[in-house]
Amino acid sequence: MNRTTVALLAALEAVIVVAIGLAISLVPLTVLWAAQYHLAADWFTFWRASADIWLVGHGVNLTVTLDAQAAATLGLPGAVIPFQVTIAALGFAVLTAGLGVRTGLRAAETPFRLTGAVSAVVAFAVLSAAVTFSAGSAPVHPSVWQGIVLPPFVYAVGVLCGFGFAALRAERDGKDIGLSDRNDRGERSGQAEGPQSRGAVLSAIAAATNRIPPMIRDASAVALRAGTGAAALVIAGAALVLTILILGNYGGIISLYEQLQAGALGGAALTIAQLAFIPNLVIWLASWMVGPGFAIGTGSSVSPIGTELGPLPGLPLFGVIPAGGFSFGLIGVLVPIVAGFLAAALLRSRATRMHDLHGTSGLLVAALGIGIVAGIELGLLAWWSSGAIGPGRLHDVGPNPWLVGSIAAAEVAVAAIIGLVAGGRARR
């Protein structure tokens, strides 16, 4: 494939990613428009609603202005005053990032991976801007600059992760992703992206890295892998526990569905909204395991040491949160500790090398780095999953990112010290 073909295919893939994200909400709303409104209402109202949902799923703030009658109908205290919805329904962001990983993997297989990545992200940014400018309406106004920046940013992160996965796969297979046979063929035909320029960039990065003290450099390499692994294990544990809670409280969730009496289409729309919110709940449960827990409204708290809940939003999925707290109590707090230990212990060869080169101080620095990396990642996830979901007390929903990050860093660092020491001794 030549450069133009790669660019066009990457741009087409970005268009498909945007279309999939919008269709998740637009298709049910269009069915509602046809079945309940008999095609008489303005379809663009449903388009704008779908655009708002897609944007808020990527972290774009919405400013909502309701008249007195609408506020009274919804039963939201303080809704007459304009309020913001700042919480992200992360299911959309996860979908976009996951499809971005696929784009990155595809682009990495071509001799023009940089062209493909740039073309895809630019096309996605153009479409995101078009969606943002078409989404504004009288009651709901999305943040324009966030709508232009945040969805492409999420997609670009996925593309970069795809490049990283492709590089790891190439390293595992003993290949050089930048200088493969395909690139050599493209270079001979005068079409490949300059491997010499990439080599110069890599050489500059290597030179800058070599100026870092060896102990810090080696400890950073261990910390990045093990810290990310520990954070991933905490999230995986939270996802497993949430699955068990949903299955165990299935009857209560169905009862809440029946109380809402939303009908078939309304129930389908509600289910889609809750599926988009599941990543948020996973991160909230991970924050609970770390210790600080989370809030669902100002003054509320769901943590291992106690649960205080006020009125909850009418989402049946919130039925998994018991009024008296989770029955497994403080056992869940062991998850980040076990995750830190396992992530560090699995890097036995690196732990042995760190001990041989830098002694115990090297292991301590690496363990501290593991805790910092895991704390930063879990804190950022907590920040992204929290925000305002409505007016009044619903302004504070989700975990406190500073508490989650700092406590997670301390827990994982302590466990990592034990894991690194155990791993280093196991190979000696």
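Leaving aside its neighbours within four places in sequence, which residues is H58 in contact with? They are F92, A93, T96, L150, P151, V154 and W384, where contact means heavy atoms within 4.5 Å. The structure is a predicted model, in which local features need pLDDT of at least 70 and side-chain atom pairs count only at pLDDT 80 or more, while totals for chains, interfaces and linings use all residues. Residues are numbered from 1 along each chain as its sequence is written, and side-chain values use heavy atoms, with hydrogens and water left out.

**Overall make-up**

- The protein chain holds 14 helices and 7 strands; these are DSSP runs numbered from the N terminus, with helices (H or I) of at least four residues and strands (E) of at least two.
- Of its 428 residues, 44% count as buried, a term that means under 20% relative accessible area with a 1.4 Å probe, protein chains only.

**H58**

- H58 is found in the loop between α2 and β1 (62-64).
- H58 counts as buried because its relative accessibility is 1%.
- The side chains of H58 and T96 are joined by a polar contact of 2.7 Å (a pair of N or O atoms within 3.5 Å; within protein, one must be able to donate a hydrogen and the other to accept it, and residues adjacent in sequence count only if both atoms are side-chain atoms).

**Helix α2**

- Helix α2 (residues 43-56) has 14 residues and reaches 20 Å from its first C-alpha to its last, close to the 20 Å expected at 1.5 Å a residue; the expected span is 1.5 Å times one less than the number of residues.
- D42 caps the N-terminal end of α2, with a side-chain oxygen 3.2 Å from the backbone nitrogen of F44.
- The buried residues of α2 include F46, W47, D52 and W54.

**Nonpolar cores**

- In the largest nonpolar core, which has 66 residues, W54 and W284 touch the most other members; such a core is a set of buried Ala, Val, Leu, Ile, Met, Phe, Trp, Tyr and Cys residues joined through side-chain atoms within 4.5 Å.
- Helix α11 (residues 263-290) gives the most to this core, with 11 residues.
- A second, separate core of 17 residues includes A219, A226, L363 and A367.
- Leaving aside neighbours within four places in sequence, W54 is in contact with residues including V18, L22, F92, F124 and P151.

Note on methods
Buried means under 20% relative accessible area, exposed over 50%, partly exposed in between (1.4 Å probe, protein chains only).
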